[in-house]
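Please read the following note with the sequence and the 3D structure open beside it. The points are numbered so that each can be checked in turn.

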Amino acid sequence: MIVSLFYDPISAQWTASGQLFAASAPNDCALFQGQCLPLSPYPMGARIFWGMVLPLVIITLLVFGHEAWRRICPLSFLSQIPRSLGVQQQFIIDEDSWLARNALTVQFCLLFLGLNLRLLLANSDRLLLGIFLSLTILAAVTIGFLFAGKTWCNYFCPMAPVQMIYSEPSGLLGSKAHTAPPKTITQSMCRTVGKEGQEKSACVACKVGCIDIDAEGTHWENIRQPDRKLLYYAYVGLVIGFYTYFGLYSGNWNFLKAGVWNETSQLSTLLAPGFFIAGQAIAIPKLIAVPLTLTLFSGAAYAMGLWTEKCYKRYNKQLRRPLSVDVVQSRMFASATFLAFNLLFFMGVQPTLGYFPILIQNLISWAAIVLSSLWLVKTWKRSAQRYTRERDGNLLRRQLGKLDIDLSQFLEGRSLEDLKPDELYTLAKVLPNFTQEYRQQIYLGALRESLEKRSILPANSLHLFQALRQNLGITDEAHALLLEKLQLEEPQLFPTKPTDHADSSTVVWRIGKSENKPNVAANTTIVRPRKKND
Ligand code: SF4
């Protein structure tokens, strides 16, 4: 695909007049800033990438979730080549560093920059798009060479925020990591193939609360972060601003249907008028008009999102049974995703589908509406409480099954599998002789299983298992003691221990100074593996 951006003697013939991908425009010319420009054939590389591949990626994210895309993402794959070759340096971004705390904002800024570069240089200019993609790949491979895990994906990739928007808390058909059996390598968790050909975890804990391990868990863990609001609300504005700009630039709303892909030398347009409104060219160069448009639209959408959220929260407070803050926030984000998806489809994708018969175009449009509506309904019903109940119920069920207590007399013909999470908690509480020792045994088993699956890390286990502790009557101090006991007895469960990666030791790379260290158990020492020869 990238090679075709530099040399493509084939696809131009498909866009010649009368061919499948030719623009259907009156007089075979495209209206641009008051002029009728001839529609000459052009090679299709840029159009295929932006107009076909990218929309398919967005649909994949919404339907199959982040886990599906991360496993086939070419950039993620390329960034992992140094690891496959065994030449990867083992730096890890410290979770308390400036970069770790601001990763989402950094990635959003890179996305904003990328959209500007696309409008200014790489939308229809194949050579510049080829250079742009090659440099992005080079950056991904360099980061993949320097850092362990998926540091490129988690800290730098400009597409990561887009993945988050369309696939958190989960895709329409996404799997549930929090109810997966023990020892499962969940979702798109880093993995490798062992000597016997079986898959095994290759997680080096490069990110606390990793979306690859449990996308929904990450969603609820970070839902109150202010950077999420910026991302979700401003992104809606970015989508609107991006597609509106084609109209503001060309002076008509058909430019996406005919003309946009014919502008094959974008460099020469940078200083040309960037707006053509009401039949007048505005003397603002495109170089300024593009960032101005995207800033204004994303800023306005962010402000509107915050205002709507405030109104929703006020309305929620007046309800007899108000929703939790997390649910209100999640529903606001889900609405933003629904809006962004449909705006992107109807403003940006649908106008470019002219090569399909009308019936197929209509079917695709209805499919987009139905899929995004089903996703919204699914997401609307989720809550942090429900997620925690499902996860803890699942852990509790397995741990209760391991106790040397005959449970059948309490189950009235049902099995542990039939009990809902609340019933499991109740069972645990009413069992006679269910001593503190048994409770600790259950809690320790749940901790062990979750650490094994990497669905929690020592650093966030105190916070994430709060509800489980409350229900089992375990104190924070007991949690710290149990964690310490686990670290002594089963150090391999602690991902930052060299024992887990004896052949690939690691050092921490700290960017900026730590200010806070949230949710770390007081007695928990986080040990990072050290670099070879260190
Ligand atoms: S935290 Fe583990 S699974 Fe997630 S990206 Fe890093 S190494 Fe991979």
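1. In which loop is glutamine 492 found? Glutamine 492 sits in the loop between α21 (476–489) and β8 (507–509), where helices (H or I, at least four residues) and strands (E, at least two) are DSSP runs, numbered from the N terminus. With a relative accessible area of 40%, glutamine 492 is partly exposed; buried means under 20% relative accessible area, exposed over 50%, and partly exposed in between, computed with a 1.4 Å probe on protein chains only. Although glutamine 492 and glutamate 452 are 40 residues apart in sequence, their C-alpha atoms are 8.6 Å apart in space.

2. A word on the basis of these values: this is a predicted model, in which local features need pLDDT of at least 70 and side-chain atom pairs count only at pLDDT 80 or more, while totals for chains, interfaces and linings use all residues. Residues are numbered from 1 along each chain as its sequence is written, and side-chain values use heavy atoms, with hydrogens and water left out.

3. The protein is divided into domain 1 (46–214), domain 2 (228–380) and domain 3 (384–509), with bounds that come from an automatic or database domain assignment. Between the C-alpha centres of domain 2 and domain 3 there are 43 Å.

4. Helix α12 (residues 286–318) has 33 residues, so at 1.5 Å a residue it should span 48 Å, and this agrees with its end C-alpha atoms, which are 48 Å apart; the expected span is 1.5 Å times one less than the number of residues. Among the buried residues of α12 are Ala289, Val290, Thr293, Leu294, Ser298 and Ala301. An α-helix has 3.6 residues a turn, so residues three or four places apart point the same way. The buried residues of α12 pack against α6 (103–122), α11 (226–250), β6 (273–277), β7 (280–285), α13 (325–349) and α14 (358–380), contact meaning heavy atoms within 4.5 Å.

5. A search of the whole structure finds one disulfide, that is, a pair of cysteine sulfur atoms within 2.5 Å. Cysteine 29 and cysteine 36 form this disulfide, with their sulfur atoms 1.6 Å apart. Cysteine 29 is buried at a relative accessible area of 10%, whereas cysteine 36, at 44%, counts as partly exposed. Cysteine 73, by contrast, is in no disulfide, and the nearest cysteine sulfur, that of cysteine 157, is 6.1 Å away. Cysteine 73 is buried, its relative accessible area being 9%.

6. Around the ligand there are 13 residues, of which Cys190, Cys203, Val204, Cys206 and Cys210 come nearest; a residue is near a molecule or strand if one of its heavy atoms lies within 4 Å of it. The shell divides into eight nonpolar, two polar and three charged residues. Here Ala, Val, Leu, Ile, Met, Phe, Trp, Tyr, Cys and Pro count as nonpolar, Asp, Glu, Lys and Arg as charged, and the others, Gly among them, as polar. Cysteine 190 counts as buried at 13% relative accessibility.

7. Some backbone details deserve a careful look. Glutamate 168 and proline 169 are joined by a cis peptide bond, with omega about 0°, and proline 169 lies in the loop between α9 (160–167) and β4 (191–193). Alanine 205, which is not a glycine, has a positive phi near 55°, and at 5% relative accessibility it counts as buried. Alanine 278 also has a positive phi, of about 50°; it is placed in the loop between β6 and β7 and is exposed, with a relative accessible area of 76%.
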